[in-house]
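Here's a quick walk through the model, from whole-chain numbers down to a few spots worth a look. Have the viewer open as you read.

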Amino acid sequence: MLKRLICVVVVIVMLFPVGSVSAAELYTYTYNYDYWGNAIISPDGYIVSDVINGEHLGIGAFNKPADLFVAEDRIYIADAGNDRIVAVNADGALYRVYDTFSFNDEVITLDNPQGIFVNKNGQMLIADMNNQQILRVDQDGNVLHIYAQPEESADFNYTGIDFWPMKVIEDRNGYVYVICQDVYQGALVYRADGTADGYYGANLVETTMNLLADMLWRRFMTVEQRKKMTSYVPNYYNNFYIDEEGMVYITTQTSTSGKNQLRKLNPKGTDVLPAATTLVAAYQNKYGDLETKYVNGIANQSQLVDVVADENGFITALDANRCRLFQYDSQSNLLFAFGAPGYQEGFFVKPVAIESLNGRLYVLDETKGDITVFSTTSYGDLLHNAITSYNNGNFEEAKPLWEEVSKKNQNLTQANITLGKLYYEEGKYEQAMAYLEEGNAQAYYSKAFKEQRNILLRRYGFPIISVLILAGVAWTIFKKIYFRRHPVTEKKKKNTYFHRSLRTMVRPVASYGVFLETHEFSVKHSLLYVSALFVAVCCNDQLSGFAFSGGGSKQFNILMVFAQVFGLLFLWTAANWAVSTLLDGKGRLKEIWVVTSIATLPYTIVLVLNTILSNVLTLEEGSFLSYVLLIGLFWSVMLLVVGLMLLHEYSLFRVLFSGLLSVACMAIVVFLIVLFMSLFGQIFGFATDIANEMILRF
Amino acid sequence: MKRWFKKILIGVLVGVLFLSGTWNGIAENGIVEETDANSSVSALGLADGFNQMLENERFVVSLHQSTYEISLLDRETDTVWYSNPQDREEDDNAYGQNKAALNAAFILTYRNNQQKGTQTTNSYSGSILDGEVRVVEGKTSFTVYYKFNSIKCVVPIRYELDREGLSCSVVADKIVEAGDYELLTISLLPFFGAGSNKEEGYMLVPDGSGSLIYFNNGKTSYRQYNEKVYGWDDCISLTSDASRKQTVRLPVFGIRKGQQGFLAVITQGDSLASVGASISGVGHSYNQVNATFQLRATDTYILGESTGSTTQNIALFQEELNAEELTVKFFPLTKENTDYSGMARAYRTYLCDRYNRSVEMAQSTMHLELIGAVQQTELFLGVLPITQLVPITDFDAVEEIVGDLKDLGVEAMDVRYVGWNRMQLQGKVTTKGRVLGSLGGNRGLKSALKTLEEQQASLYLDVDFYSIRKWNSGYTKNNAAIRTVNNKQANIPYYDYLHGYKDAFVPTTSILSPIKVSSVAQKFLNSFKKIPDVNFSLGNIASKVPSDFGKDGWSRQDSANAYQEMAQLLKRENKLMAQGGNAYVLASATAIVDAPMTDSRFNVTDISVPFYQIAVSGLATYSYEALNLEGDLHQSFLKHIETGACLHFVFGAEDRITTTELSHLYSLDPQVWYDKVAEYSKAVNELAAATKGFPLRSHRILQENVYETTYENGTRVIVNYNAADVTVEDIQVEAEDYVILTVGGNGNA
């Protein structure tokens, strides 16, 4: 709701054209995301180099092929609709078709093979779904072992209704992992000897506000009503990939928020994929497309269905819903997002599996029945090399590469951050700061800032301190001489309205008492104080050091700040007045306003202090700054409490109680405003729709 | 009111005629008197077989008495082209309407305006079986009138013969409609020259640079080819726009069957046409390609979009029929010219004849694009929009970059200068052509023109009369914006650059009506009276055609014609640059940037061929998307060598452009690219020295990923895209490399 309100404000504000130059034809179909999560165009990293289909291989078209595996320079295809496994050499020539297998001198066939895996010894593991078994087969088609539904035992409980194996992998120790339909505990594990050994990488139910609200509702529902509701099942794994080191990459089905659809599990089953540094926190751990599009009220978002990782740690995930590929580096930074739905090369209709071989990507499309082969472009190679050499610690080699990347794609946030880091390593802190600021890398910026500050201190520190000391000494001497000549007879006590306001900070009871006694409540002054707060908030936003503010200052909107400061305080005053009137408070509207405005002074001062300090301190040194702000806020609240106690002639408890009521009152008002605006929008839309329909239909 | 009156009048007239049952009455009173005086109505019900109708020294056209199919005899090649497959009765793969359509001269879609949805009929089942056909003969042409009983309409098709070939036209202004039925589209001669599933050959479709679909390629599971000529009409709303297709630039298609071939050119009504092709196994056993014309435009209005919950689409239809004559001309090709190269050469000849142009020697090898200024909007304090025109490359920088390129070995270049005019940058109607002061002003322009001339470089100022954000100079949205099918000012939404969704937060734009374009261009030109030696470059108007339904009788074709006229107006000193290069600007353009390098790589098509390049070669130099924005530089460079294209780079002197408006230009710094410019220029210069500016003659596929291009002076270029060396015809070509073979001896790359 609030978001919508903000949108409305933004729209009102944005009555000017942005980016509306009618775009020339697109140069590329590859994109990336900037720090704020906006899709931004990128040079192509991969282009289609070949398309393989069953007809070209001379074995008839693939029929709903389901899985792909690459081993020893060979591509294996689980051609599910044709009940066969097809092996193709890396050069695209047919190697062999496996449609019958021999098991103990018996000929057996497959029924809807959904998964294929080939181990180091060339043994195939086939998830023969409709036969409810997994076959271990050698290269000649002899079945070595059949894995069936695990038997119930004391320490193991198979939870599926039936045994429907979909995807299968094997680790170095001969453990076999199986993803089964309707099993939500994780991947089923078989020991090397073929006995079941529990579940791997248990998947957690995602706790969202929706889910919590839903659970609450369920408590009040009848059994029938409950049945009608969609049941919340845990997000279950839909596909996985195991790399040389035994790390398991997993894609997850149905995630409400779209987060953590991709995981990298260590042998213990914990997710070790780091959060990307190139994205704002709200989008971290989100893989696939960041934005969700609502079509007729239904969310359309990425659904990852397969993943592959190569020896350099580049992870490529496949999005079946939006027909796209997303390639990440080992630090979860997005390198390329590319692909779209359609009947063109490099476009997909229902992509189901992805593999990589010799730097190429192979994508299997179930509907089209073909494999699209992608190979890297010169830009793709450049970026890969740049990342690899940086990750290997070859900074000297990495720097020119990253410089080239930055020149060839100015839209890449990662290039700015990495170049910043490289300049930092070189000791060129000024350049480092510029790049890191561009890349929104606050923490690293702070480190560079510290070094740069040290240099400045070393260079100018001594003269500055000397001058300061000298000035201090001179001032002391001057004062002494001055007071000797002009002895103080009576210390004048400054007692203007402003001074009294300031004095509330240290002596709230006495100073507020004076205001109440004299009945001197200046609205003019109070507006000045609130304006000071407003200015301080703006300054804090715009002038704070980058290490503290981040790029957030770029999204600054003075109207929003104005609404926040003045609006909130007005609303508070009105609410408190309403509440206190009911609770026999003595204060009048004007008086509450003035008391409130005076109470803001400590916070204003602290804000200014915070702004100044944030420009000279590093993040580590300045970790106390947030506490300073908190103290300022607490101070202001305390002043407000004391002021209201005196004004309303309330006890402490009564002030707190009325304060809480006022806050509740404010919330209701805000809620009503939002509701009204939303309703108004709906009514307006409805009216225009009706009018349009009348015009068009009659 | 006028329109209503006319409609009612026609309706009443036709209704009366139908009621009185006098189909003869229509023929005698309405039609015959307008045809040739010597014409005679051919008698119906003669013996089976074809009757000779038209003849000249090369061709004989005959008409079948009962099926009204056409045969075209080419005496030069002894080939007969039939409008319908002769063995269609034996087709076991076609049923129902598909089978009936094999007999048809055209397929109609229509709607009953009292009902939802559209329906299809064809000339065979709707008219021959359930109606009546009459033939009216003329000296060099004859017209077949098809009367449809069920949908109460008459559609005349005229066949006309000349020395090059046979034209087939829908005489749209003589189409008679009655009752509740409205015609929507007409697919003309869908099976002309179609290849059966036993024949070998291919179909040429105009996807991007041109694309071949081999007969019987078995790709029946993919969507078949069907694309609008000149791309999407911006006047028609689009729910989402995520396409990455190449636009159809040329209104052509062709068939090569065995050793025979023809080229078909949509000579009239090209803007209303789309080209569709299908392979055997899709509904029948034939490989066919043809043109479909839009008789009435359809649009969709989405109800409930603003409330955002559920939406419903309402179909809107153009009220009046497009009264354009819609013509496809078939050019049968002679023996050595029957491949796609021959088709392209035939099209080049056609363009020369039609637009009165002659083939010239190519001069320049480089199309350099420079970004002058860019409009940047920043929010002051997050509220106040401050719009600035930020200079990127001023004229001093232009001279400097051109000088640098000259030093790097670029011999002759065309410089396209974009973003130099305040009105253009602000999205206004560009009625004045003053150069921004911050770029050097008119004085800077004059000095740059002088310097560039010394460097053998021509300057083209880019101008566009298309997208409008602010109205000015007496042009208002009400009087000068294009209007939609239901006569509303068209608001063009901004489609999210990458996902193709409508972005509701970006204000919509308007499009300047093509009706106004010439007068605006005239005003614009007045600013340049004192600078006669400057040339112009056209943006959107050379690559997009919008309809404007606001004016009665104005069709998309009229828009294209207006753009063609305007392009002629802006051609000075015999030079004009154009972006994209739609066929109508080939009447005047001498340089084309962003020309299609390849096809769209549709799954259903088999191979991309440089039809566009061969057709345009000699009329204009061409270049593709800027090389410095390409992901895969080398592949792209090889394509340039293969197709004899100019190099295209886009540079800016100020390379850090943080505005989103130009975020798609992600690598503008010229310094980064100078080594590539030098390397590629050397290669292109070598090629130019060998070809001596002669146009392309032909292109061949030697083996997979190995192509040979031949120039009119005999120079050959063999390009190998494979990752391994190949030897073709005793010539070794290294991996991802090329060889230039001159007529005298072997030049090497």
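Predicted model: local features only at pLDDT ≥ 70, side-chain atom pairs only at ≥ 80, totals over all residues.

Residues are numbered from 1 along each chain as its sequence is written, chains are lettered from A and ligands numbered from 1 in the order in which they are written, and side-chain values use heavy atoms, with hydrogens and water left out.

**Chain B overall**

Chain B has 14 helices and 44 strands (DSSP runs numbered from the N terminus: helices are H or I with at least four residues, strands are E with at least two). Its radius of gyration is 27 Å, close to the 27 Å from the globule rule for 749 residues, so chain B is as compact as a globular protein of that length. That radius is taken over C-alpha atoms, and the rule is 2.2 Å times the number of residues to the power 0.38. Along its principal axes, the C-alpha trace of chain B spans about 80 × 70 × 50 Å.

Of the 749 residues of chain B, 61% are buried. Buried means under 20% relative accessible area, exposed over 50%, and partly exposed in between (1.4 Å probe, protein chains only).

| Residue | Relative accessible area |
|---|---|
| Thr143(B) | 7% |
| Gln65(B) | 13% |

Thr143(B) sits in strand E8 (residues 141-148) of chain B. Leaving out residues up to four places away in sequence, Thr143(B) touches Arg134(B), Val135(B), Val136(B), Pro156(B), Ile157(B) and Arg158(B); a contact here is heavy atoms within 4.5 Å.

Gln65(B) is in the loop between strand E2 (59-64) and strand E3 (70-74) of chain B. The side chains of Gln65(B) and Asn51(B) make a polar contact of 3.1 Å (a pair of N or O atoms within 3.5 Å; within protein, one must be able to donate a hydrogen and the other to accept it, and residues adjacent in sequence count only if both atoms are side-chain atoms).

**A helix in chain A**

How many of the 11 residues of helix H15 (residues 589-599) of chain A are buried? Nine of them, so H15(A) is largely enclosed by the rest of the structure. Trp593(A) and Ile598(A) are among the buried ones. Their cover includes helices H10 (497-503) and H12 (523-543) of chain A.
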